[in-house]
Each structure stands twice: as structure tokens, then as C-alpha cells.
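Subject: Model handover

Hi,

Here is the structure for you to look over. My notes on what turned up follow below it.

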Amino acid sequence: MTGGVVEESYRIGVWAALTRRWSPYLDITLGLAAAAVSVTSLLSTDVASIDSRLEPGDPLSVAATFVAGLSLVWRRSRPAASFAVFVASCLVVTLTDHYIGLLSVLLLFSLYSLAAHGRRRDAVVGLVVCLCTFISLAVLDVPDLGTSDLVQACALLLTAWALGDAIRSRRAEQSERLRMAEQEAVTARELAARAVAEERLRIARELHDVIAHSMSLIAVQAGVGGHVIRSDVGAAERSLEIIAETSRKALTQTRWMLGLLREEDADAAASPVQTIDDLDGLVRDVRQAGVDVALTVEGPVRPLDGAIELTAYRIVQESLTNVLKHSSARQAQVRVTYVEDGVDVEVRDAGRGVPATSVPVGVAGGHGLLGLRERTRLLGGALEYGALEDAGFRVAAHLPSSMEAAS
């Protein structure tokens, strides 16, 4: 429906542009032609055969007739002034008992122009003036205006005014539709730009999570390898293998995410999006880095929305990354519990962390957890984190089961 409105509004806009460009030249041609033809009609008509009271053309009637026709040049740009000059010139011709001729027809066109291009109030005043003038002329018994002519003239005046008013109303309606279509187009562009910005921000968060976690593992394994390279060659080789595998995974995900930033039509379905099922591999990598992580999954396991599963994975990933970077803990617990309205995720460790008095539960910590808390909030969930009373750190989150449930 919106597409049809936009297409029609485009046609209206093109037509309006063409009209604005050529209308001045058309009106000049029309005014000059109307003036010339009206004067010719006045001078070439045998007025005595029409009404014996009519006077033959003289300089005054010729000048008034010419001015009346010429006033149509400004029928669009100054419709009220053009109509006033036309009516005044016609009165000069009529009240001096001269043949009005073609001006009686052009009067209808002048009134139509006033109704179509002028203000409605001016058009109503113009119609009333015309009707009152014709009635007054009939009462004065001017030549060439009988009772039957009066009725016909009033009917034609009303028709010309109604036609012009309908054209003006339609033009106003089209302008309003064009304005609404333009507003809808602007709104659509703004929504598209906002969606692109939000998607790029999401990708940037994903990139941060991937790089932060991978570099933490690489740093830990590089330190272990450097420490045991002389005493335990096998352990040093395992550290190098972990570094190589972690680097390959990080490079694959980073290439895909950077590809999304470069290509607008990237296939999101082909993305390496992690789920809760991938936590086993994540925990295994962290164990190889020297932290004994216990993973527990409880409740009836069921598939969740992709965004929910990815967020749960990122919460565990960021939490374990913080354990590697900021804690001396050698053990950590990851608990994933499927509940009726979603899934609960909890990660805790027993490292030295920071004093419980300085980071209470729920108070902002690193930028990674801040981003995860905002992402969780947007999904309709909640995330809290902070130091435990004795020692260690805890991250806990509740996520809904689907985006529909979140909304």
C-alpha cells in the first residue's frame, strides 16, 4: 500500500513540476490570445442584429475588452487580482451598452481559475459578486441579458465555481498525500539507518567478546609454554597447540564479523553463531588454560531463540575470560538451568577477585559485563554480578525463552 502511495505521489510531483515550469508561458499565450480574439469578436460582430440598443465598438470598449482578456495572464499567479480586473473590465463594456461577446464565456474561465488557484474565501466572494452583478444587470435591463439568459448564466457560474473548487480540493489532497508519503519515506530511511547502526553495534560487541576471550587464552597459554619449555617439552607443545587452535577459531569468527561490516547483504544464517551446546568446547578451552571449570546443565533442555542462546554463551564466555584475566582462581562453576519461562545462567569462582565491599552484587564492573547487562536487558532478561562475601566473584542472569516472550 505504501509503495502505491509513493508511486502515485511521485507522478503527482512530476506533473506538478512540469506545470510550474510551463504554466507561465501557457498563461501568457492564453491571455494574449483571449484578448485578441475578444477584440476581434467585438469589432466583427453586427451588434444591431443582436440587440438594437447595443452600441458599436469604440476605443473605450476595445480597450476594456483587451484588458479583460489580458488579465488571464495572471490567473494562476494572482487569481484574485486577475478576476477583479476581468469583472471590472466586463462591467465597463456592459454598462456602456457595448457587446460583451466572448467575455461572457471567458468570465466562466476566470471564475474557475479563481476557485482552482486562489483561496476558497476569495472564490466564494467572487461567485457572490458575479451572481449579484448579473441579477443587478437584469434588473437594470441592460442589452443582451434577458430572464432566460440570467438563469442560464447563474447556472453556468455555479458550475464553473464548483469545478474549480473541486480541482483545488483535489490538488490540496494530493499535496497532503505527497507530504505524507515523503514523511513515510524519511521515517523508513531513519528506521533502516537505526537498524544498521544497532546491527553494527551488536557485531562490535561480538567482536569484543571473541577477541577478549581468545587473547586471554593465548596469553595464558603463552605464559605456560614459556615457563615449561625447558622442563616439560610436551606441556609446551600442548600450549602451542591450544594457541594455534584458539587463534584459528578467533580468526574465523573475526573474518566473518568484519565481512558483515563490509557487506550489507551478508548471509546471517551462515554465521558461526554459538549456542548453549557450544559451552562444552568453551569450558574445555578454559580447562586447558589451567582453570578447572565444572559445567552443569539442569532442567528440561529445549531449543531457545538464537539471540537468547548466543547471549547465554557470551555471558559464560565473558565471565570465564574475567576469571583468566583478573582472578587467581583455579576452579570455577558454570550452571545453566532451564526454567519454565527461560533459562538461568550462573558463573562463580573462588579466586581473590576484589573486596566484597568495593564491588557489591549488581554494581557495574568491566565494560564487557556492562555490555552484556545491556544486551540482556534488551532481550527482556536481567543480569547481576559482583564480589561474593567470602571470596570470589559471581555472575548470574535470567533470559527469556524467546523474543516474543521478551516483548
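H4 and H6 are roughly parallel to each other, because their crossing angle falls under the 35 degrees that counts as such. Bear in mind that this is a predicted model. The helices in question are H4, residues 79–95, and H6, residues 120–140. Their axes come within 11 Å and cross at roughly 5°. On the H4 side, the contact is made by Ala 80, Phe 83, Leu 91, Thr 94 and Leu 95. They meet Asp 122, Gly 126, Cys 130, Thr 133 and Leu 137 in H6. By class, that contact has 6 nonpolar, 3 polar and 1 charged residues.

H6 also packs against H5, which covers residues 103–117. Here the axes come within 8 Å and cross at roughly 155°. That angle is over 145 degrees, so H5 is roughly antiparallel to H6. The crossing of H5 past H6 is left-handed. H5 contributes Leu 107, Leu 111, Leu 114 and Ala 115. From H6 come Asp 122, Ala 123, Gly 126, Leu 127, Cys 130 and Phe 134. The tally for this contact is 8 nonpolar, 1 polar and 1 charged residues.

S2 (residues 331–339) and S3 (residues 342–349) are antiparallel, with 8 bridges. In that pair, Val 336 stands opposite Val 345 of S3. S4 and S5 (residues 393–400) also run antiparallel, joined by 6 bridges. Ala 382 stands opposite His 398 of S5. The hairpin of S4 and S5 has 5 residues between the strands. Which residue there takes a positive phi? Gly 392 does, with a phi near 100°.

Next, the helix on the sheet. Leu 279, Leu 282 and Val 286 of H9 meet Tyr 313, Val 316, Gln 317, Leu 320 and Leu 324 of H10. That contact has 7 nonpolar, 1 polar and no charged residues.

Last, confidence. The chain averages a pLDDT of 78, and 79% of the residues score at least 70. Over residues 264–271 the pLDDT is below 50. That stretch has 4 contacts in the model beyond near neighbours in sequence. Residues 354–365 also stay under 50. For these the model has 25 contacts beyond four places in sequence. Where pLDDT is low, the predicted coordinates should not be read in detail.

Best wishes

Technical notes: Residues numbered from 1 in each chain as written. Predicted model: local features only at pLDDT ≥ 70, side-chain atom pairs only at ≥ 80, totals over all residues. Heavy atoms only, no water. Axes fitted to C-alpha atoms, helices over the stretch in contact; angles between N-to-C directions. Helix = DSSP H or I, 4+ residues; strand = E, 2+ residues; numbered from the N terminus. Parallel < 35°, antiparallel > 145°, perpendicular 65-115°, else oblique. Contact = heavy atoms within 4.5 Å. Nonpolar A, V, L, I, M, F, W, Y, C, P; charged D, E, K, R; others polar. Left-handed = near helix turned anticlockwise from the far one by under 90°. pLDDT = per-residue confidence, 0-100. Pairing = 2+ DSSP bridges.
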